[in-house]
Amino acid sequence: MESDELLINMGPVHPSTHGVLRFKLRMDGESIRECTPVLGHLHRGTEKIGEMKTYLQFIPYTDRLDYISAFPNNYAFVKAVEELAGIEVPLRAEYIRVLTMELNRIVNHLVSIGSLLMDLGAATMIMWGFRERENALQLFEMLCGARMTFNYIKPGGVREDIPDGFMPKLNEFLKDMEKRIDDYEQLINGNEIFHMRMKNIGVISAKDAVNYGWTGPTLRGSGVDYDLRKYEPYSIYPDLDFKVCVRNEGDSFARFIVRMDEMRESLHILRQVVDNMPASKEISSAKYGIAPMTGTPTAVSSYFPRIFTPPPGEVYSRIEAPKGELGFYVVSDGTTKPYRVKIRSPSFCNLTAIPSLVTGLKIPDLIAAFGTIDVVLGDVDR
Amino acid sequence: MFANTYELIVFILNFIGIYNPINDFFKMLGIEYVLRIIIVLVEIAVLFVFILLTVMFLTWMERKVVAMVQARYGPMVTGPRGLLQPVMDGVKLIGKEDIIPAKADRWIFTLAPFLIFIPALLVFIPLPFGESLIISDLNVGLLYIIAISAISPIAILMAGWASNNKYSLMGAVRAVAQDISYTIPLALSAIAVVLYTGSLSTVDIVTAQSGTWFGFIPKWFIFLQPLGFILFLIASIAEMGRIPFDFQESESELVAGFFTEYSGMKFAMFFLAEYAHLFSVSAIVVTLFLGGWSVPFLSFIPAALVPLVSLGVFLVKTYAIIFFAMWLRDTVPRMRIDQLLKIGWKIMIPLALINLLVTAFILTAGRF
């Protein structure tokens, strides 16, 4: 039978496009013939703003890229600046940074898995995930006063030291989380319908995934053992014991399982960080002729010059953010502001593969595959 | 005891001693049929109010059950434990602007909510809520129920088509495909029950399930027809259009499915119909497989109290099924439409046919 092509505009206002992404779908009944993502509805010119703000002023803007996990964004930019200016960081500061980033990884995966399941029609997981996320956000709030946009990691260290009562609460969270992840597995993983919806959906081969520039859990779901924390170590990751979670299937289910496993690994890392946290109170670098932070925690930003000029040069610095490789390319011309800031965001690179993933599948599969790619639109559009 | 509620009301009026004076009064005027009409209208009014209250309660219950599963409180502000939340929702929906999209087919667009709401109420006519508590004991009761439920796909298709919205249309097409493919196993497993009773009357079906085997196992058809029960339950949940089969809405894919474009009271009517449907389908499951209002101990109860007690029994069983449906909704994801159809046609219908065949064989063999 002949059937007319149906053109559907999915988004930018749609319950499951995670923000303002728009898909142009050419449909044959329920099957997708062609899918074109239309980006840019959330474009805020962040990279251009980077050229107009001083190095310190730009850090809050990085919070707004991937707003689900803002610590790694902070850190990625700060790491670039530190490499540019050759700033050394005290060990305790590095430990605190890794602590925040791994906590943030758990938060990110909770949101990711939760919204994936909500898109599949099982709304319970996101509520459970947000219950634990709330505990983590309260920890963040204790640390720096903010729940989502932190502006916490500064060149040379972090803004404030860990407050009293933080560590017991963190330990409680770690203990609690262990059990909760088992709960999630029982709720989701033991469900036959979930397997039906996820397995062999949105399959991508390792080669294609690499060619599309995939990184992070999405790439590791396709069987590529690639994790910057392990193979291009930064911060204190060389000292930590963790394994890279890889699955070989390359389908939506594999990507989901990788995220589940990574949450456990993050818990493992967090426990090591808690155990080995250096006792010194030094959380900000003494370089640039500033007194190191000692004694009671107060605002430390005053110890670091508001305006500083790194030597001319350029640097590309990348980290393993929860969603994949997050890179900042910063060019300094020796003034107080960067000459150029280019952001290589994982969401954007991962999203580009969507058309090839879903062509020939159905709309529900598009939702499932899109959910496992874990995209935040603030990160895509910048 | 009584064939239907009409006779029950007449009996009660007689018991109080006011039936004859009233009847004589109307007879004097030569319009005794008016009394009959009044009694019937009272019945309908009671049923209507009961269903509306049930639906309101169900919306509250749904939120509370979801909240329980998801470690939340649910509505807590309006009324004690949020019990008045449905009233507030109703008030809000009445206050909303009634929007008809510019390019919609106005007549069909307006007609569809009524066409889905009225059958949802009509289904209750041959449902026995308790002993003597039935509006009309039709001799084709079960057939009537299945036939009336089959109207809703037409209304859904009308709503989806008339909205002139692609999501609505897709939701409607899905809903119709699903309804058609799940009505068949539903009817087939119901027929297996009818083979036992030899009657389509719902009262006969319930009466056939009273009594016990060995003195403690109630004679419910769930024990004779376990496979039939499971098939019927799954098909019922598909009929209700709830997760894992909520393709008519599938909000994360099709925004809100066939009622995307509806607002205000028209939206409310879809909503009410959905919950009325939830109640009626659960009630049918109870009637067919869980013994309806009958329980083993009912014979020990004074005859005057039987209608009330049986109503209570019926409601407890129905709410158990409803709770199961709500619980299921909170724990499983949605299936995909092709998977759903595959299961419907390739697994459910063959199984239902086999079940019917085996039942027929056993019954025929038992006759010799």
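Start by selecting B:Lys266 and B:Asp98: they form a salt bridge (Lys or Arg side-chain nitrogen within 4 Å of an Asp or Glu carboxyl oxygen), with the closest N and O atoms 3.2 Å apart. B:Lys266 sits in helix H13 (residues 264-289) of chain B and B:Asp98 in the loop between helix H4 (85-95) and helix H5 (106-122), so the pair ties together parts 168 residues apart in sequence. Helices (H or I, at least four residues) and strands (E, at least two) are DSSP runs, numbered from the N terminus. B:Lys266 is buried at 8% relative accessibility, while B:Asp98 is partly exposed at 43%. Here buried means under 20% relative accessible area, exposed over 50%, and partly exposed in between (1.4 Å probe, protein chains only).

A quick note: this is a predicted model, where local features need pLDDT of at least 70, side-chain atom pairs need 80 or more, and totals for chains, interfaces and linings use all residues. Residues count from 1 along each chain as its sequence is written, chains are lettered from A and ligands numbered from 1 in the order written, and side-chain values use heavy atoms, leaving out hydrogens and water.

Next, pick A:Lys342 and A:Glu47, a salt bridge at 3.9 Å, N to O. This one joins strand S8 (residues 338-344) to helix H1 (residues 46-52) of chain A, 295 residues apart.

Now go to A:Arg229 and A:Asp227, bridged at 2.9 Å; both are buried.
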